[in-house]
Amino acid sequence: MRSVTIDKRLDKVNEECGVFGIYRGDDIDIVSATHDGLYGLQHRGQESVGITVLKDEEPYTVKDLGIVSTVLTEKALQKLPQGEMAVGHVRYTSTSYLDRAATQPLVMRYICGSLAIANNGAITNFAEIRDQLEHGGAIFQSNSHAEIIGYMIATRRIECDSLEDAVLKTMKVLKGAYSIVIGAPGKLLGVRDPHGFKPLCIGKIGNSYVLASESCAIDSIGGEFIRDVEPGEVVVVDGEGLHSYHCNKKKTSSLCLFEYIYFARPDSIVDGVNVNIARRRAGKLLYEENPIEADIVCGVPDSGLDAAQGYAEASGIPYATAFIKNKYIGRTTGVGGVDKKKKLLKTRLNVLKNIVKGKRVVIIDDSIVRGNTAAHIVKLLRDAGAKEVHMRISAPEFFYPCYFGIDLPSQENMISNRFSVDELKNEIGADSLGFLSIEGLHSIADGCKIGLCDGCFSGVYHADKPKIIYEDKFSVKIKKV
């Protein structure tokens with residue numbers, strides 16, 4: 001068995017965050033429930049984690065850099081009371097530094113009480129809003145989009161009859177992608193942007209309501225999935241139950257298609273589509289578009305496994321487990337710069353030599369970004385004695401940036417902008433290479449209740465791109481995009 005170390009964090013598409021909230025409607029341990037729910041969302045962010053409990057309108061918070069198991073220890077959780085509601089967050093950051101002050105939930109105190117905010121996404125007019133607020137005298141403690149959102153809600157709340165009205169007014173100004181959970185005195189709110197870029201769903205356990213980025217988090221606490229939050233919807237849970245309000249802005253809905261390819265857990269249902277079924281369908285369509293004769297089909301753990309099974313079922317080629325992933329290698333917190341990340345952010349794959357030796361192997365992965373991971377995987381199989389290596393990708397080629405909360409490299413660093421498919425095949429050392437078409441990608445989400453975004457593949461975006469970007473750690477520098 002041979003092994004090679006692959007830094008998939010630096011050569012993969014990465015998500016922003018996972019959000020969770022629970023409103024206590026009966027005798028449930030909301031601290032444990034939030035802890036378990038965040039475990040269910042750990043795949044969406046591993047760089048910081050936190051829980052805020054609101055009891056008698058007072059916030060109590062435990063949060064830090066790290067993952068659920070290291071931050072939310074038994075000792076740490078004992079600091080949190082059993083309050084009326086809890087908000088939780090797991091974070092991934094796209095920056096080369098990790099702003100500790102931006103660790104969420106972000107708690108803000110203002111004239112109407114406290115807000116505990118957990119956000120997933122990217123506000124595309126963030127720099128413009130922050131620049132305006134700073135020139136008006138606003139002081140910020142972090143570079144967090146959640147802080148901007150909280151400030152805007154707080155200033156509008158003074159003029160509005162209710163918090164939900166303030167949120168709806170804020171949504172008229174915000175552009176981009178966001179799914180937010182907000183804890184406030186007497187209320188738990190869930191907010192999804194009018195395009196619906198990021199998933200957010202509603203569940204129930206007993207008489208307690210739950211909000212989460214994915215249904216798998218609701219399942220993990222023994223809850224029942226109710227429905228997805230609709231694009232442009234604000235849901236409010238209070239002592240009288242669940243209420244719904246809608247932003248009146250008409251937008252083309254655009255759920256990120258990469259939720260089905262890579263981000264979401266296979267056991268989640270996102271906007272009406274089972275993720276496992278979508279990935280298996282991707283593998284089936286991938287074979288129909290890129291057939292090959294081979295001896296075995298295998299997938300790159302973890303997100304390539306379901307698509308590999310679909311490819312095997314469609315082709316009749318036997319499915320085999322060729323890779324073992326070491327799940328116990330520690331994760332970095334992001335502190336220490338890019339060089340330290342390269343050393344610490346590692347995924348170790350071991351190849352089973354007895355499975356691949358002398359075989360024609362089809363290997364399925366979810367994407368090729370810079371190409372380093374693909375080249376390592378092909379080399380790993382070659383070194384283990386594979387006779388042929390045919391790589392198939394269950395997504396189209398990346399050509400364009402994402403402005404809505406997905407961490408992609410610049411266009412010049414996307415390898416498909418430098419090589420044709422045939423050239424790329426030679427660059428990674430494969431015998432053949434095939435990608436799923438954009439049309440095929442849309443087909444895997446058959447039955448999705450809302451529209452879909454494929455901007456990073458097609459260059460067509462349904463939402464406004466940022467006009468200026470936030471460049472500096474502490475201030476906004478105007479730069480047109």
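Strand 3 (residues 48-55) and strand 4 (residues 58-65) run antiparallel and are joined by eight bridges. Strands here are DSSP E runs of at least two residues, and helices are H or I runs of at least four, each numbered from the N terminus; two strands count as paired if DSSP finds at least two bridges between them. This is a predicted model, in which local features need pLDDT of at least 70, side-chain atom pairs count only at pLDDT 80 or more, and totals for chains, interfaces and linings use all residues. Residues are numbered from 1 along each chain as its sequence is written, and side-chain values use heavy atoms, with hydrogens and water left out.

Within this pairing, T52 has T61 of strand 4 as its bridge partner. The two strands form a hairpin with two residues between them, and D56 in the turn has a positive phi of about 50°. Strand 3 also runs antiparallel to strand 5 (residues 85-91), with seven bridges between them; there S48 stands opposite R91. Seven of the eight residues of strand 3 are buried, so the strand is largely enclosed by the rest of the structure. Buried means under 20% relative accessible area, exposed over 50%, and partly exposed in between (1.4 Å probe, protein chains only).

Helix 4 (residues 126-135) buries F126, A127, I129, R130 and L133. Seen down the helix axis, these residues fall within an arc of 160°, so they line one face; the arc is taken from the directions from the axis to the C-beta atoms. The face turned away from the buried side carries the exposed residues Q132 and H135. Strand 7 (113-123) and helix 5 (145-157) are among the elements covering the buried residues of helix 4, where contact means heavy atoms within 4.5 Å. After helix 4 comes G137, with a positive phi near 100°.
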